[in-house]
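Here are a few friendly notes to go with the model. Please keep the structure open while you read.

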Amino acid sequence: MRYTDDSLYPENMSPLIITAAPYGPTWLPGDAEDIAVTWDEQVQAAVDCYNAGATVLHFHVRDPETGHLSADIEHYNYLLGRVKKAVPKMIMQVGGSIAFSPKSDGAKAEWLDYDTRHMLAELQPKPETVTVAIGTSMFDITQMWTPDDVRGTHMEDPKVVAAYAGMFTDAGPAFYLEHLKRLQKAGIQPFFTLAHVHQLEIVERLIRHGVYKGPLNTNITIYGGGGCGYNPFDWMHWLQREPQGATVHFWGSMRVTAVAIPMGIILGHHARVGIEDNLWNSKRERMTTVKQIESVVGLSERFGRKVATAEEARKIMKIGVTYNSVEETLQNLGMPPNREGDAKGFMVFETDGKKRTDHSMGDSHPIPTPSKAAAAAKK
């Protein structure tokens, strides 16, 4: 992004958008004091976040009967309806890693199964945004954690940590081409959740090919373990590569949040906080989602930067806006136009929304899917 002489003065920055992630799908009841389990508690979590100053809600749903993350689309439809009624101005951002259980006899959702992830485009009432991964990557966030980070949680069990260490964000072209098509048809805006700058390059290619024509809301995701880690030079390079017309939201993990979020605020970008990412303040004291939001509001006010209202957040993120052409998209994002006759590679092909079976490379080596590779590694 471009910075001019007066860009770092807070009065010249757009108001700060705060995203709250209070549902903490990584954790189990008892891991944090503010994990909402009942329907009323989950609704109240959204209300409390909004009242504290958050204008975007990163949305997950727990099954009140089990306390675990729900895989039932009807649960999502029900809670979305209640939350939208309770906080109608708040931007609903549903987490795109959800795999819904198919409604067939005995069928269960697999982690990041394509068919069940595409069901996010069928949510009713529809959310304003759904997070979309672009480009498969390892997602071992536990690499960046210390024993103190998981103290007092079920993550103290080495077997649980080992299971999380084997996670991947499975998002190849067969997934994201189809998923973007379905979300845009449903009028749901993608929020691009990326692991590193090279996934941003893929998004640029999608825009230049006309696969996606709309505002670019994305993040700098500081989780490590296959994605961008805790080196601030990597953050700055990624930020330098972001289009001028994009919004950038800093997402941190555990106590590095206390470093990354203030930096994002000072640089004029936006912040996400909540127990989904972090349980602690910089002094290793437990911190609820609401307390984290209040801390960010206080930081922004002391810096002199306005916190966005819900109306301002919708305007900044251009919720509901679409563009009619590649050229219009590039112009609104502040990106250079395509050159005539430019060879842009094979980015568009017919998709069916299903996982592809393993196939062989030219030298006859098989290419396993990440889920099969993980299963093979366990044997």
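1. Lys318 is partly exposed, at a relative accessible area of 30%; partly exposed means between the buried class (under 20% relative accessible area) and the exposed class (over 50%), with a 1.4 Å probe and protein chains only. Lys318 sits in the loop between α10 (310-317) and α11 (326-333), and its phi is positive, near 55 degrees, although the residue is not glycine. Helices (H or I, at least four residues) and strands (E, at least two) are DSSP runs, numbered from the N terminus.

2. A word on how to read this: the model is predicted, with local features needing pLDDT of at least 70 and side-chain atom pairs counting only at pLDDT 80 or more, while totals for chains, interfaces and linings use all residues. Residues are numbered from 1 along each chain as its sequence is written, and side-chain values use heavy atoms, leaving out hydrogens and water.

3. Met254 also has a positive phi, about 50 degrees, without being a glycine. Met254 belongs to the loop between β9 (247-251) and α8 (257-266) and is buried, at 1% relative accessibility.

4. Do look at Met155, in the loop between β5 (137-138) and α4 (158-165). Met155 is buried, with a relative accessible area of 1%. Setting aside residues up to four places away in sequence, Met155 touches Thr26, Trp27, Trp145, Val150, Val160, Val161 and Tyr164, where contact means heavy atoms within 4.5 Å. Its C-alpha is 9.4 Å from that of Leu28, 127 residues away in sequence.

5. Lastly, please check the peptide bond between Gln124 and Pro125, which is cis, with omega about 0 degrees. Pro125 is in the loop between α3 (114-117) and β4 (129-133).
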